[in-house]
Amino acid sequence: EAGSGTRKRKSRWADDEPKPVIQLPDFMKDFTGGIEFDPEIQALNARLLEISRMLQSGTSQSGLPLDDRPEGARSPSPEPIYDNMGIRINTREYRARERLNKERQEIISQIIKKNPAFKPPADYRPPKLHK
Amino acid sequence: QQIALQRLMLQPAPTKVVCLTQVVTEDELKDDQEYEDILEDMRIEGGKFGNLLNVVIPRPSPDGAPSPGVGKVFLEYADIDGATKARAGMNGRKFGGNQVVAIFYAENRFHEGDYDG
């Protein structure tokens, strides 16, 4: 009885189910599958990138968002603070940088709140609960 | 993920025709029964991915003259969606022990009977 019925022969196709083209390791599914595509998180990530770029772009003529209206037209600067060498600490660039850094830390906190798996950059300091 | 994306970009643009290469041997195709079996296997399996219109398996000519496209199997789908799924789903699978390579094939060449691409 050597395989009498040709109708009931086995398909030449191997049994294995077609594999998905991209097989990600399990630990990555958390990132790619859901939360990473959350539009809110995407917006936060985009802003984070923007801030990082501005902070890295150097001091002078930089991407720092400075109010470029003339001195009289913009809001007054705070009283100058000088270091013990007599150099002003709180320059406009310095303050812009501080603002960005603060916003950056806040955004990272928000992302972590939404996605505990998020790996913050090395220089991120979690906010202190009390000062 | 970056690499996977690049690989997708390097793929030729999807068409409605999927070409399976390194699938069948000349000897298998010479045998009428085997040819019919292979055709049926392709219809059944290919039909799982979408609306399969046509299966073409070029056969060697009986006089032994070289015949274009022998060893390939062409699956024509009603739409790109079906062809795309078939290409992704069949590429890398084994058919009769051969590892299948699935690529998109230019529709115009397929319709002109040009199987040698």
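Reader: Is Glu45(B) buried or exposed?
Author: This is a predicted model, where local features need pLDDT of at least 70, side-chain atom pairs count only at pLDDT 80 or more and totals for chains, interfaces and linings use all residues; side-chain values use heavy atoms, without hydrogens and water. Residues are numbered from 1 along each chain as its sequence is written, while chains are lettered from A and ligands numbered from 1 in written order. Buried means under 20% relative accessible area, exposed over 50%, and partly exposed in between (1.4 Å probe, protein chains only). Glu45(B) has a relative accessible area of 7%, so this residue is buried.

Reader: Which residues does Glu45(B) touch, not counting those up to four places away in sequence?
Author: Glu45(B) lies in helix α3 of chain B. A contact here means heavy atoms within 4.5 Å. Beyond four places in sequence, Glu45(B) touches Trp13(A), Met90(B) and Arg93(B).

Reader: How does Glu40(B) count by its relative accessibility?
Author: Glu40(B) lies in helix α3 (residues 32-46) of chain B. Its C-alpha is 9.3 Å from that of Val55(B), 15 residues apart in sequence. The relative accessibility of Glu40(B) is 24%, so the residue counts as partly exposed.

Reader: What phi does Gln22(B) have?
Author: Gln22(B) sits in the loop between β1 (17-21) and α2 (26-30) of chain B. At 54% relative accessibility, Gln22(B) counts as exposed. Most residues other than glycine have a negative phi. Gln22(B) is not a glycine, yet its phi is positive, at about 55 degrees.

Reader: In what order do the elements of chain B run?
Author: Helices (H or I, at least four residues) and strands (E, at least two) are DSSP runs, numbered from the N terminus. Chain B has five helices and six strands. From the N terminus on, they run α-β-α-α-β-β-α-β-β-β-α.

Reader: What pattern does chain A follow along the sequence?
Author: Chain A has three helices and zero strands. Read along the sequence, its pattern is α-α-α.

Reader: At what angle do α2(A) and α3(A) pack?
Author: Axes are lines fitted to C-alpha atoms, for helices over the stretch in contact, with angles from 0 to 180 degrees between N-to-C directions. Helix α2 (residues 39-56) of chain A and α3(A) have axes 10 Å apart, at an angle of about 150 degrees. Angles under 35 degrees count as roughly parallel, over 145 as roughly antiparallel, 65 to 115 as roughly perpendicular and the rest as oblique. That makes α2(A) and α3(A) roughly antiparallel, given the angle of about 150 degrees.

Reader: Which residues of α3(A) make the contact with α2(A)?
Author: The α2(A) side includes Ile41(A), Leu44(A), Leu48(A) and Ile51(A). The α3(A) side is Arg97(A), Leu100(A), Asn101(A), Glu103(A), Arg104(A), Ile107(A), Ile108(A), Gln110(A), Ile111(A) and Lys114(A).

Reader: Which element of chain A has the lowest mean pLDDT?
Author: pLDDT is the predictor's confidence in each residue, from 0 to 100. Chain A averages 76, with 70% of the residues at 70 or above. Among its elements, helix α3 (residues 92-114) of chain A has the highest mean, 89. The lowest mean, 55, belongs to helix α1 (residues 26-34) of chain A.

Reader: Over which residues of chain A does pLDDT stay under 50?
Author: Where pLDDT is low, the predicted coordinates should not be read in detail. The stretch has one contact beyond four places in sequence. In chain A, pLDDT stays under 50 over residues 1-6.

Reader: What ipTM does the predictor give the complex?
Author: The mean pLDDT of chain B is 88. For the complex, the pTM is 0.49 and the ipTM is 0.77.
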